Amino acid sequence: MPEGGARKVILPARYVQGQGVLGQLGVYVRQHGSKPFAVSGRTSWSRVKARVQASLLQAGVPLAGHDDTVTECTHLKINEVVARVEALEADIVIGCGGGKAVDTAKAVSEKLQLPVITVPTQCATNADQMADAVVFSEDHRFIEDIYLSQAPVLVLVDTEVVARAPPVFLVQGMGDALACGFEKPAYAETMRAKKSQEQATNAALEVNLRCFQTLMSYGIQAKKDVEAGRITDAVESVVEAIKLQSGFGFGGGGCAAAHAVHNGLTIMPGIARKHGEIVAYGTLVQMALEKRPMGEVERVMRWCRELGLPIRLEDLGTLDMSHLQKAAEKACDPNDSMANMPFPVTPNMVTQAMREVDLLATKLG
Ligand SMILES: [Zn+2]
């Protein structure tokens, strides 16, 4: 390995986004296989089933089988789907839905070394384009992250589908994507200083910063448009920011304080917000840890508030604050992404940063 490590990105082979693009699914499937198997959750499947089946049929590659019962990406579910795909001799996997369904599809494709296509049905996650699958237990405890030998051969984002999902998903996706504009630069700086084997690319840095600018410029408008049932340029730009830009060049690394704070807070009894919402709050905490200018933090905070993303601890739920110290300690777990910050972060610094964020939120009124 060269001194100072290697720069790498892991990207989907093809990314297609737009209104009605689901109709092209069959044509793309045919480039990689002839017996597709679809994996999804029940609600997602009911939303796309007719269009998926029609497109596959029209392209002469009808569905060999499907499983629409994914509620969690567990080893049990993955093995169950693997057995069915093998029995049917399917040769390409299509994951339709949110994170759990596409992660299950990706894990199955990895086990069988088959190509995978992801078809997101909402925007709460960028799992569709990532080359990993997060496995949970039945009761939603993190088990492991499976890294794929290749990213999806196609991410097919039909804006008509994702923009018609409840608007809260778009907001959650924006909250998660917000972090990349801060975590990636922190991660890149740390990896450079450490002369780590894993180095960020300048391309990924640029795209992540562009993602942040897009969210700031169009995020609020996009939410209004989706609420009004309009698919506009603002919506398309924000969907691209969430689906493509936020995960660009992630390649198994790129998180820093925002996700570490999220991971710590998830142990708090009473936490009532979803991943992207907690990550948005974690981003504000990271900004405070980095001692960014007040005006900059305030700008992001106002944006979060406008979208309904949490800006103070009490927005996260009816928290049992006696667990806060423990949460801060977990956020600083040396095996978690807090270690990717360019300076050492202690639990006390985390609780202090949370207090600063709370104070600023109170000032905003
Ligand atoms: Zn995330």
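How much area is buried between domain 1 and domain 2? About 1,700 Å², and carbon and sulfur atoms give 60% of that. Keep in mind that this is a predicted model.

Okay, let's step back and look at the layout. Where they touch, domain 1 puts in 21 residues and domain 2 puts in 19.

So what holds hands across that interface? Well, the count between the two domains is one salt bridge. You'll find a salt bridge between the side chains of D128 and K243, at 2.9 Å from N to O.

Now look at the domain 1 side of the contact. Both β2 (15–18) and α5 (159–162) supply at least two residues there. By class, that side has 10 nonpolar residues, eight polar ones and three charged ones.

Last stop, V345. This one is in the loop between α13 (324–331) and α14 (347–364). Buried or exposed? V345 counts as buried, because its relative accessibility is 13%, and the cut-off for buried is under 20%. And what does V345 contact, if we skip the neighbours within four places in sequence? That would be L289, C332, M338 and V350. Take L289: it's 56 residues away from V345 along the chain, yet their C-alpha atoms are 8.1 Å apart.

Technical notes
Residues are numbered from 1 along each chain as its sequence is written. This is a predicted model: local features need pLDDT of at least 70, side-chain atom pairs count only at pLDDT 80 or more; totals for chains, interfaces and linings use all residues. Side-chain values use heavy atoms; hydrogens and water are left out. Contact means heavy atoms within 4.5 Å. Buried area is the accessible area (1.4 Å probe) that two parts lose on being put together, summed over both. A salt bridge is a side-chain nitrogen of Lys or Arg within 4 Å of a carboxyl oxygen of Asp or Glu. Helices (H or I, at least four residues) and strands (E, at least two) are DSSP runs, numbered from the N terminus. Ala, Val, Leu, Ile, Met, Phe, Trp, Tyr, Cys and Pro count as nonpolar, Asp, Glu, Lys and Arg as charged, and the others, Gly among them, as polar. Buried means under 20% relative accessible area, exposed over 50%, partly exposed in between (1.4 Å probe, protein chains only).
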